[in-house]
Amino acid sequence: MPSKDLITVEIPFEDFIHLDKFEIRCKYLYRIRTEQNEFVPFVPNQAQMLLHKIEEDEASRSLEVTGRRHVKYLLLKSRQIGGSTYAAVRNFDKMLTLNAAHGLVLAHDDDGTNILWKTYIVTGK
């Protein structure tokens with residue numbers, strides 16, 4: 001018997017065949033908590049898509065140079081553009097879709113780290 005907490009998502013065929021793309025997976029697989037404490041599908045905004053493009057470009061460059069898709073980046077002062085949200089969703093996506101992937105999102109202090117933990121790791125009802 002399915003769990004009462006299980007969420008079923010219907011994915012149209014035209015999107016289903018493109019689930020290899022991060023942007024498509026976001027619409028259906030990942031939910032974020034709003035300031036109103038509601039869970040909604042994660043749809044990357046313009047700044048988050050720019051971060052995604054930069055990360056993908058750097059991963060491609062790294063693959064050419066080193067033979068590995070290895071990216072590290074430091075995002076400073078990203079409040080209000082969704083930088084931490086993008087990083088948390090992207091890291092989770094990589095851990096689900098790639099072998100031996102890992103990710104880390106840090107804050108500048110303990111309070112910020114606790115907020116990130118509660119927002120991105122602990123899910124509520």
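Visitor: Which residues does lysine 94 touch, not counting residues up to four places away in sequence?

Guide: Lysine 94 touches Glu55 and Ala101. Keep in mind that this is a predicted model. Lysine 94 itself lies in helix H4.

Visitor: What makes the pairing of lysine 94 with glutamate 55 a polar contact?

Guide: The distance is one part of the answer. The two side chains come to 2.3 Å. A polar contact needs a pair of N or O atoms within 3.5 Å, one able to donate a hydrogen and the other to accept it. The side chains of lysine 94 and glutamate 55 therefore count as a polar contact.

Visitor: Why is H2 called roughly perpendicular to H4?

Guide: Look at the angle. Helix H2, residues 22-29, packs against helix H4, residues 83-97, at about 100°. Their axes are 11 Å apart. Angles of 65 to 115 degrees count as roughly perpendicular. So H2 is roughly perpendicular to H4.

Visitor: Which residues meet where H2 packs against H4?

Guide: From H2 come Phe22, Arg25 and Cys26. From H4 come Tyr86, Val89, Arg90, Asp93 and Thr97.

Visitor: How do the residues of this contact divide into nonpolar, polar and charged?

Guide: The contact of H2 with H4 has 4 nonpolar, 1 polar and 3 charged residues. Phe, Tyr, Val and Cys count as nonpolar, and Asp and Arg as charged.

Visitor: Which residues of H2 are buried?

Guide: They are Phe22, Ile24, Arg25, Cys26 and Tyr28. Buried means under 20% relative accessible area. These residues pack against helix H1 (13-16), helix H3 (46-66) and H4.

Visitor: Why is alanine 47 called partly exposed?

Guide: Alanine 47 is found in helix H3. Its relative accessible area is 27%. Buried is under 20%, exposed is over 50%, and partly exposed is in between. Alanine 47, at 27%, is therefore partly exposed.

Visitor: How many residues apart in sequence are alanine 47 and tyrosine 86, and what is their C-alpha to C-alpha distance?

Guide: They are 39 residues apart in sequence. In space, the distance from C-alpha to C-alpha is 9.4 Å.

Visitor: What pattern does the protein follow along the sequence?

Guide: The pattern is α-α-β-β-α-α-α. The protein has 5 helices and 2 strands. Of its 125 residues, 23% count as buried.

Notes. Residues numbered from 1 in each chain as written. Predicted model: local features only at pLDDT ≥ 70, side-chain atom pairs only at ≥ 80, totals over all residues. Heavy atoms only, no water. Helix = DSSP H or I, 4+ residues; strand = E, 2+ residues; numbered from the N terminus. Buried < 20%, exposed > 50% of the residue type's maximum accessible area, 1.4 Å probe, protein only. Axes fitted to C-alpha atoms, helices over the stretch in contact; angles between N-to-C directions. Parallel < 35°, antiparallel > 145°, perpendicular 65-115°, else oblique. Contact = heavy atoms within 4.5 Å.
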